[in-house]
Amino acid sequence: MKKKAPWPYVLFWILISFLTLFPIYWLFVISVTPSFELFSTPSVILRHVDWQNYTEVIGNPTLRGYMMNSLLISSGNAILTTTFGFFACYALSRFNLSGKESIFFWTITNRMAPPAVFLLPLFLLLTKVYRIEGFTLLDTRIGMILVYCTFNLPFAIWTLRPTVDGIPKELDEAAFVDGASPWKVITEVVFPLCRPGLAVTLILTWVFAWNEYLLAATLTNFNARTLTTGLSEYVTTTGTAWGIMAAISIFTLIPALIVFSVVQRHIVAGLTFGAVKG
Amino acid sequence: MKSNTFGWILLAPTIVVLFFFGVLPFLYVVYVSFHQWNPFAANPNMIYNAAGNFRQIVFDSAFLASLGVTVAFVFFAVLTEVVVGYVLAQAFMSDFPGKAFFRTIHTLPLIIAPIIVGSIWKLMTTPSIGIIPHLLQSSVGFDLNIGQSAAAAFIITITMDIWHWTPLVTLTLIAALVSLPPDPFEQAQIDGAGKWQIFWHITLPMIAPAVMATVFIRLMDALRIVDEVLMLTGGGPGSATRYIGVHIFREVFPRTNYGYGSAISVVVLYLTIVVCWLLYTGMLAPRKPRKG
């Protein structure tokens, strides 16, 4: 094919990048604009930077609690799903279990259903059925960790399967010959070799749990409220605290951005369930 | 040799968790959907109602309106994303400086939480705060008000979805374009084929499976959109952007009419399965190589 001049492409992509980045920049602009200046003529250029909204968010004990909940729930869920997913993949990969391919496919069907459909049944089950005496899973961190498994555990299994399948079986067998127990084989032979795949899975499941809103909004009230639901509390019919809302959004955005820079290449494969390699 | 028991033990946590939080909710919602159940009604117990709830759905104008706007939203959003995504993917095919950098920036919206995307676009479009209404007002004198104009709210939700998800389409199509063999293109150029001829007769048939897979993934995601719209418009003005997930969250869930709410959930789930199955068999299954 003939060579084309690169500069039109560069200009084109500068324009596209501007369209991509500007809304995020605007979020930042609102978050550092003091409230009395908000309703004057919107300006693209920052007049001055005011961190008051950020200090207000950090100084608010309720929001700090939500942030802690978000952190604990997404970390707990990421560790749980990655561990369970790893065990499940090892079982599917190394054992001759009857109907294992059906089980493998069944796991993904749990993720395909629209989450809105499960709001009501999960709410009813958590309040009325899954209860021991007075204790229910509603509005508890452990409850949210388990509920998030419905979409993260299938994801973990589907992304880890190729990793575990890729570890040669001869390594396991050699360890068995040397007299290692099955548990030792998993933890000391297979686990170290799967570390890169496990890390990507851990990070992406963490982000999915951190970003979740709908289930958290319906299945928590206060004790296990997450940052994303806290954000929606600042958008009310009587008036929205725009600056605070922007600042909370930035706080929710930062971990995802850090993660983005680490696993950027794996994101597309993750979002398309491995149908396309990024 | 290892016994299979250990394999089942390893699989057990996954099966147990998915059973209690995936399968049981599904069975439970189907069970409740055949009952009348409102804990705050005169009779707070579950009463068997046969298909009564489902009969009610057929005449539920709010539900049917919600289905209608959902279909319109999904159609316009996914169509635009695929066309724009293809153009952008083609623009990535030649070499130019800073390619990796631009690609990284373009991927950025994918990782942002849907609710944050909603809040970003709310700040962009709310009159007197947002930059878009301000620019439209001062340049062409158009008054954009997503709180009042149904059309404006509808278009802004589509714009938001395009901003959020076009990168996914671009990146999947780049992966498809990169893997194409160069020979047919060189041959076509030697034979004197024009740009459009090459696109219609060579590129499009060759990347069709990838395009279909992308459309399938995007359709499934677009059908379940909730968070962004809830944040941006709350389903309004009126019910202009009350897409099906938003409808369940705002209208069905807050009412304590559990029986009817379950029936709606079942119908939505059923429709989603049917749509996905139709798409899957119609678009993905005939992945045979075309005869040239």
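The model is predicted: local features need pLDDT of at least 70, side-chain atom pairs count only at pLDDT 80 or more, and totals for chains, interfaces and linings use all residues. Residues are numbered from 1 along each chain as its sequence is written, with chains lettered from A and ligands numbered from 1 in the order in which they are written.

**Contact.** Select both chains. The contact takes 77 residues from chain A and 74 from chain B (C-beta atoms, placed from the backbone, within 7 Å). On the chain A side, helix 1 (residues 7-31) gives the largest share, 13 residues. Helices are DSSP runs of H or I, at least four residues, and strands are runs of E, at least two, numbered from the N terminus.

**Annotated spans.** Select residues 7-31 of chain B, one of the UniProt "transmembrane region" spans (unreviewed entry). The span is 100% helix, with end C-alpha atoms 33 Å apart. UniProt annotations may be inferred rather than shown by experiment. Next take residues 153-178 of chain B: 100% helix, ends 37 Å apart by C-alpha.

**Loop residues.** Go to B:Ala50, between strand 2 (47-48) and helix 2 (52-58) of chain B. Phi of B:Ala50 is positive, near 50 degrees. B:Ala50 is exposed, with 10 other C-beta atoms within 10 Å (exposed is 12 or fewer, buried 20 or more, partly exposed in between; C-beta atoms are placed from the backbone). Finish at B:Ser128, in the loop between helix 5 (114-125) and helix 6 (131-139) of chain B. Phi of B:Ser128 is positive too, about 75 degrees. B:Ser128 is partly exposed, with 13 C-beta neighbours inside 10 Å.

Methods
Two residues are in contact if their C-beta atoms, placed from the backbone, lie within 7 Å.
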